[in-house]
Each structure stands twice: as structure tokens, then as C-alpha cells.
Amino acid sequence: MPKSDSPSPAAVPRVALLVSGRGSNLEAIARAAAGQSWPACLALVLAHREDIPAVRRARELGLPVRILPLNPAIDRPAQDAQISQCLEEAAIDWIVLAGYMRILSPAFVRRHAGRVVNIHPSLLPAFPGLHTHRRALAAGVKLHGATVHLVDEALDAGPILGQAAVPVLPDDDEARLAGRVLQAEHRLYPPVLRALIEGRLRVCGQRARWVGASAAADPLLLWVPVA
Ligand code: GRF
């Protein structure tokens, strides 16, 4: 039989979603990934407990779930080494934090440098950490939003890949503002991930740049919903 000269097909990048809570961003990503020509395979949903809404959602969506209970008798770097092993066994290329509430150790971040992505509910570098909506209201900002960024060793401070801005309205309370930002998160996370995986978003130092024809007009740089 003659040998084919055609190159073997490129491997499809494999994504793991790490979750600890509600799972609405997981669902947004899974729905985008079920659409046409998504460039990656959602190969794993990793959680540390079965009894969280994100795991229920993942199972309903037919995603492969692995529950890796954390051993409280070992320190964080050792726990994270177990997570790394699990990810490496599944041949994961991209690690996507979707409401993952543990802080990953510096050793984990170095081991997977440039391949760990997070979404944070503020326009970083404003309001890193917790209670972002409450703090945004207290500060009186007029624009708030969400940021998708690469994870580095500092808290909520890695290179910014995309941001979605929403207005803060005069009668907002924390819940209303949180709901508006969450809707923006669901619009923002899937396309930013997609661009990153497809190589249309490249990171150089602290700055991410869109490459290709549409870079100058890319709507993900700022998205303000009107309603
Ligand atoms: C989101 O607000 C996200 O920005 C933050 O945690 C929350 C997770 O929500 N990191 P969900 O679990 O995706 O619904």
C-alpha cells in the first residue's frame, strides 16, 4: 500500500475546566464548545467535591468529570502536584479556571506557565480579590465588569486577555450589579478562550495582543451592553 504524503492531522487542544461553585461560566463555555468549529476538546472537568452545582451542571452537559478530593493532611504544593498529575494524565493543554476558589501555588503556576486562564469579576487591576461588586459600589465607579487573564504567581494580576465593561446604574445593589457582570462574563469568556487557543491572541510579557486582520476592531477589548 502506498504511503500517504499528507501530514497527520494536528491534535485537537485539550481543555480542563476547574470548578468549585455554581458553574455558570462552565456552562457558557460548554455551550460555545458545542457549536461549530470550536477549536478544542473539553476533555475534563475537575472538582474537589461531588456536591457542588458546577459538577451537576457538567454531568448534565455530558462533560467528563473527575472528582479529586483534597487531602487536608498534605500542604498546598503537594495538593497541587496531585492536580497536576491528574491534568497530565488527561494530556491537558489548557487549564481554565471557571469559578475555582482555591489559590494555586506558585509551583503549580510555574509548571503550567502561560496555560492557566481565569476569569475575575472586575476590571482588573481594580478590585483584585473578593467582594468585587460590593467594593465597586463603595468606590462609586461608573464602569465595572470582568477580566479574563492568564494566571501568574500574583493574585488576579496575570496578563489581561480580554475585558467586558458594564455600567454601574444609580439604583444598583450588589446583587443587581453581580448579575449584570455575570452576563458579561458569559459573553466574554468563550470567545477569549477561543482566540487564545487558536493563536489569535498572543501574550508578550504583561501584554496580550490580538493578531490578524480584525485586531484593531476587536469588540472584546471593551464591551458595554446597553439595556
Ligand atoms: C464568577 O463571577 C467568576 O468571575 C469568579 O467566580 C464566579 C464563578 O461563577 N471567578 P460561576 O461558578 O461560573 O457561576
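Ground rules. I am working with a predicted model, where local features need pLDDT of at least 70, side-chain atom pairs count only at pLDDT 80 or more, and totals for chains, interfaces and linings use all residues. Residues are numbered from 1 along each chain as its sequence is written, and side-chain values use heavy atoms, with hydrogens and water left out.

Entry 1, shell. I looked up which residues surround the ligand and found Arg-22, Gly-23, Ser-24, Asn-25, Gly-99, Ile-119, His-120, Pro-121 and Glu-185 (near means that a heavy atom of the residue lies within 4 Å). I sorted this shell into two nonpolar, five polar and two charged residues; Gly counts as polar here. At least two shell residues come from each of α1 (24–33) and β5 (116–120) (DSSP runs: helices H or I of at least four residues, strands E of at least two, numbered from the N terminus).

Domain 1 (11–112) and domain 2 (119–227) both contribute to the shell, so the ligand lies between them. The domain bounds come from an automatic or database assignment.

I found a ligand oxygen 2.5 Å from a side-chain N or O atom of Ser-24. Another entry puts a backbone N or O atom of Gly-23 at 2.8 Å from a ligand oxygen. A ligand nitrogen is 2.9 Å from a polar backbone atom of Ile-119. Taken alone, the ligand exposes 370 Å², of which the protein buries 88% (Shrake-Rupley, 1.4 Å probe).

I noted a cis peptide bond between Leu-124 and Pro-125, with omega about 10 degrees. Pro-125 is in the loop between β5 and α5 (132–139). I also noted Ser-37, a residue other than glycine with a positive phi, near 55 degrees. Ser-37 belongs to the loop between α1 and β2 (41–47).

Methods
Polar contact = N/O pair within 3.5 Å; in protein donor to acceptor, adjacent residues only side chain to side chain.
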